[in-house]
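Hello,

Here is the structure I promised to hand over. Please open it first; my notes follow below.

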Amino acid sequence: MLPKFQQILHVRFEDKLVSNKITKFDDEDDPYLGITHPSEVDSTGDDGLYVRNDHDEGIWVALAHDGQTILNDDESTSKNKENRRGRSILKDVAKARKENRKFEVGWNNRDQPIDPNKTKFSSYLGLVAKTMVPITIDDWKTTPQHIKDSVWTDVTQAFEIDESRMKYVLGKVGELARSFRKQLGKLVHNVEGNINDQPPPKYASIISLDEWTEFVSMRTSEEFQRLSDENRARASGYTHKYRKSRLGYAQLEQNMLREMGTDATYVPRHELWMAARLHATGDIMDENVQQVWDECVSVSKSVTQGEHLPPDQDILLKAFKSPEHPGRVRAVGYGVTKGEYFPRLPRKKEARVPTDEFEAMKKELVHLRSMVEKNNQYCESLRGGKRGDASKSDKDSCPTIIPEGVTPCDLYTNNPTYHVVGRGSVYNQLGDTLHNRPLPPEHVRVGVEIVLDGNAPLPVPNEDAGLLLLDDALGAHVAWPIGLIDLKIKQFQQPNEHDKDTIPTKESVASGNEISVQKPVNLYGSTDKVPYLTFLHTYVKDSLTRQWDVPMPKEIFNEEYTELLSHSDIYEIINHEWLGSCTICVYVRLLYNLLLVPNMWVSRFCFINPIKIGPEYTQQSQYIGQTFIERNQPNTLFLSPYNTGDHWMLVVVNPTTEIVYYLDSLGVNIGQRQQLRRMFDNAIKIYRANKGTKVSKVKFSNIKWTMIKCPTQDNGSDCGYYVLRYMKEILLCSQEGVIPHEYFSTYRLEKYSTELIDEVKQEWCRYVLETIITNK
């Protein structure tokens, strides 16, 4: 009686019974699993019978009248042709190649092959692995490049595959070649235990004697035997039998989604794992599988009741209570690694400063202390000086040069102490008189635009005009000592010719040339350190106004309305608190005014209102889909800040390509955001239906979600600030509606520095001061 892992396939050929042994392995990733059934016998006429051997998946074996087997080499089936390594091909694939046709292959959102033609594609890769990769190559990484190039060329001549899938195809062929070598390793010894000095008869046409001799030498070495024993012991602990033969997890998931008949685009990993281990009757036949499933049910209930799983863990991983292998993920299938499926959590690295760098920092500290001391002496001289003589209070100070025209400035006073009292502009273009009076010496004409200390007395009061305090001068021109103003002159540096990180500007878009801009980028084009947050705080705490109107043009959120900015919204920024929707929307308005309009990018970017897609609202997908319909142009990116109720993230959609970019500062995998995923998938389907786009059933749910490796936060309150930076950087750096998977090179960081977070806060405060509160 044959062992249970072997089975006899009987094929009647001209009243003769031909038997062929088929070995069945319990390895879910082995592409040659399964038993050949009578339905797989393909009659080709009166001259012979083609039988598909399970381990020769894809190799059509011609059974001659004398019972011998001959592998088809290229398009020839002649028995007289010399046995040599060649390209053996599936019959229907061979026919298609003769007709210059290629088979289409479906791909899921993890870049794994699915229907149509998933099985045919997998079979062909197995055939290529056997016939094109020498068995003497024991490590795919050391395979000569010309072999890999030949493999890729051969596969793409039979199947319609984009070049972006090359990594998957070559990696899968390498895995299948390893599986074939494993199968051959069991044939090194015969049933008596002696070494076979000839290649196995059924592979003699593709394995030369020299190759077999070298292969046997490698497999019988002491080192290989040691590694083999270690691997065998390691694999003996696996007790959860996979029962879906060659179907694979990717296709199993597609089948389950099709049977569900809902808008779901994803099957939770623990459910997929369980489905792959059910018996054909639908029962669980293994006690070990039942134990894992019971644990999955328990963890799932805990999550439903509010338990929070870490970003790098899900229900199945917690149920197993053992880590994932770094090179693969359970119940996902080939081609997806742990780093791709689970987010990489930021590591807190201990700062280590080299000795020479530390010494340089010490010298710099001494220099900075010297500068601070000089500055303190200068400020002290200003406090004790007289008006009009401030610029001469320090013998080492340089005279202030007032440029011609209008220059922004900060206004200071030294009465009673030296401090900033407001902001304005110096007008060096209207002559030397003010209100028909000559300007005092060492004074300039200043227009007061922002008042921070309304009770501060004017340096040169005008009783006739009723201008005594700074509050009286808001919107008026007054005389101000040169030594008590701080000019805000924009300084531009010549860009480094080696700096390849460029930001498109209005001029570069029009001319086709790129203009380098220094990083970090301040949207106001200024690198000054004016404390706008302090200015805003000083203004708001004494203001009688409790809220301000923020008009939102239709071009921003595809609807025109007015946002109400309150004191509490402003204090979210001032106190670095968790941000609300209004604060996010105000920054979106800033981006619209400072980037989209000046650079003519209104058609390139649009925003989704976070208020309209919050958890408390219904019909979110309809709102998003309608916005796509009304505003989309080729490669328009729709930026959508999304709030789960306690966390902000950014979703960016290109409806034209049906690609969704997902940026989460916590690094949580999109698989744990099913509500969010369904919302945007349905919106794309609404847009697709409106445009009349026809998509095959196998591609209907094939919307590609890309998790961007963006900077991640290391606290519980910065998510909103990270979303502000994401939006700003995408507008500045994205090209042709694409966001790189590794994120933009300029901002490829583990986390944002305090300086980068403060940059968006200062921009927000300045915009509120100048545009909303003072209506500049």
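F103, W107, F121, Y124, F159 and Y168 form one aromatic cluster. Keep in mind that this is a predicted model. Aromatic pairs in the model come to 21. Two of them are described here.

Take Y242 and Y249. Their ring centres are 5.5 Å apart, and the ring planes stand at 65 degrees. Planes over 60 degrees apart count as edge-to-face, so this pair is edge-to-face. Both Y242 and Y249 are buried.

Next come F557 and F607. Here the ring centres lie 6.5 Å apart and the planes are at 80 degrees, so the pair is again edge-to-face. F557 sits in helix α15 (residues 554–557), while F607 sits in strand β24 (residues 605–607). The pair therefore ties together parts that are 50 residues apart in sequence. F557 is buried, and F607 is buried too.

Now the arginine in helix α17. R589 belongs to this helix, which covers residues 581–596. Is R589 buried or exposed? Its relative accessible area is 14%. The cut-off for buried is under 20%, so R589 counts as buried. What does R589 touch, apart from neighbours within four places in sequence? The contacts are V550, P551, M552, P553, I556 and Y767. P551 is 38 residues from R589 along the chain, yet their C-alpha atoms are separated by 8.7 Å.

Then a helix pair. Helix α18 (residues 620–631) packs against helix α19 (residues 674–691) at an angle of about 45 degrees, and the axes are 8 Å apart. That angle makes α18 oblique to α19. The crossing of α18 past α19 is right-handed.

Which residues meet there? From α18 come Q620, S621, Q622, I624, G625, F628 and I629. From α19 come R678, M679, F680, N682, A683, I684, I686, Y687, N690 and K691. By type, the residues of this contact divide into 9 nonpolar, 6 polar and 2 charged.

Last, the chain as a whole. The chain has 776 residues, and 47% of them are buried. Its secondary structure comprises 21 helices and 28 strands. Consider the contacts between residues at least 6 apart in sequence: 62% of these join residues at least 24 apart.

Best wishes

Note on methods:
Residues numbered from 1 in each chain as written. Predicted model: local features only at pLDDT ≥ 70, side-chain atom pairs only at ≥ 80, totals over all residues. Heavy atoms only, no water. Axes fitted to C-alpha atoms, helices over the stretch in contact; angles between N-to-C directions. Helix = DSSP H or I, 4+ residues; strand = E, 2+ residues; numbered from the N terminus. Parallel < 35°, antiparallel > 145°, perpendicular 65-115°, else oblique. Left-handed = near helix turned anticlockwise from the far one by under 90°. Contact = heavy atoms within 4.5 Å. Nonpolar A, V, L, I, M, F, W, Y, C, P; charged D, E, K, R; others polar. Phe/Tyr/Trp six-rings, centres within 6.5 Å; stacked < 30°, edge-to-face > 60°. Buried < 20%, exposed > 50% of the residue type's maximum accessible area, 1.4 Å probe, protein only.
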